[in-house]
Amino acid sequence: MGVSLLLRTMAVLALAALAPIASAQRGDDVQPDLLYHNYCSVCHGDRGDGRSRARGSLNPPPTDFTTPQAREMLSRPRMILALQHGRPGTAMTSWTTQLSQKEIEAVVDYVRNTMMLPEPGSPLAKGRAAYLQHCAGCHGDRGQGVAASPSHPAPRPFQPSAERSAMLAAVTQGQFGRLAHGFAGRLKPDEIEHTVDYVRASLAPGLAPGVSGTYAHGGRGRDAPPALDASAPLPNGLSGNAQRGERLYQQNCVACHGAKGDGNGPRAALLGGKPRSLGATPMNRPALYGAIAEGKAGTDMPAWRTVLARQPLADLSEYLWRTWYAPAPGAKAK
């Protein structure tokens, strides 16, 4: 066994031994849903299924945590090591400069508890089986809702703010105007509880509003923006191609910012706050490049430098500059 492999194996065993202690020491000051949303969802998707706007640009694609293979292959220590050291040959990088050990473990536990398939035989596994049998026909396998016909629209997505007691009552007794009858005659009380708990844990995770990963640690997101100079070139000697940038915008940005840059993309309603209209705030090429690469404090804008290389970032910046930010004709601009 090589030295590096031996050290890696010892690290896994040590983490496994310390996991119960670390879990017991974890406090309420860490919000793993915020951390996942700010740092991970840009690649792994809001629900951990890898269905992000970035997946088409990554080879290999981001891990889908919702598959049976993920539950079987990804142990807690292995996932912790991936966040600590990254995964060579993939876009997964080390997060030790951004997250503390406590936060890394909290994010791993959040993914395992809310996105990965429940442990076989557990109450959540029983709830998932009941949900797929009795509920998915209307609510969808991911809680997205299935429309029966144009006159019977899809049920609304599950709300993370819903009280457990209210959900239990709705499933048991029915809810006038939405659920014609309850399941009291078909499911036992413990089966209803398991189903509701599965929905709450896996199908109704709340997107954390108003905080970005750059702001959470008070670092690069709080740097003062550069003075606006319309003639300032892109950083690092880069030269952007607006045509390539337009394709990148269509692939990665339209879902939130909209085809017209007005913040009315199809995903905008799921964010903590509507994206501002592009061009509303003056920005030059370096500012655009920095905002895209590093994210924007206090918003849902992630740091795209973990997904795109420098040249694609420059191309996207150039497209945004020419389309929404360049000075009016006659003004001095590069």
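Leaving aside its neighbours within four places in sequence, which residues is Thr114 in contact with? They are Ala201 and Ser202, where contact means heavy atoms within 4.5 Å. Before we go on, a word on the model: it is predicted, so local features need pLDDT of at least 70 and side-chain atom pairs count only at pLDDT 80 or more, while totals for chains, interfaces and linings use all residues. Residues are numbered from 1 along each chain as its sequence is written, and side-chain values use heavy atoms, with hydrogens and water left out.

Let's stay with Thr114 for a moment. This residue is found in helix 6, residues 101–114; helices here are DSSP runs of H or I with at least four residues, numbered from the N terminus. A polar atom of its side chain lies 2.7 Å from the backbone oxygen of Tyr110.

Helix 6 also has a partner in helix 5, residues 76–85: their axes come within 10 Å and cross at roughly 130°. Axes are lines fitted to C-alpha atoms, for helices over the stretch in contact, and angles run from 0 to 180 degrees between N-to-C directions. The two helices are therefore oblique to each other; angles under 35 degrees count as roughly parallel, over 145 as roughly antiparallel, 65 to 115 as roughly perpendicular and the rest as oblique. On the helix 5 side, the contact is made by Arg76, Met79, Ile80, Leu83 and Gln84, and the helix 6 side includes Ile104, Val107, Val108 and Val111.

Now follow Ala201 into another pairing. The axes of helix 7 (residues 123–134) and helix 10 (residues 189–203) come within 7 Å and cross at roughly 95°, so helix 7 and helix 10 are roughly perpendicular to each other. Among the residues making this contact are Pro123, Leu124 and Tyr131 of helix 7, together with Tyr198, Val199 and Ala201 of helix 10.

Val199 leads us to one last stop. Gln159 and Val199 are 40 residues apart in sequence, yet their C-alpha atoms are 9.8 Å apart in space. Gln159 lies in the loop between helix 8 (136–139) and helix 9 (164–173). Is Gln159 buried, exposed or partly exposed? Gln159 is partly exposed, with a relative accessible area of 38%.

Methods: A polar contact is a pair of N or O atoms within 3.5 Å; within protein, one must be able to donate a hydrogen and the other to accept it, and residues adjacent in sequence count only if both atoms are side-chain atoms. Buried means under 20% relative accessible area, exposed over 50%, partly exposed in between (1.4 Å probe, protein chains only).
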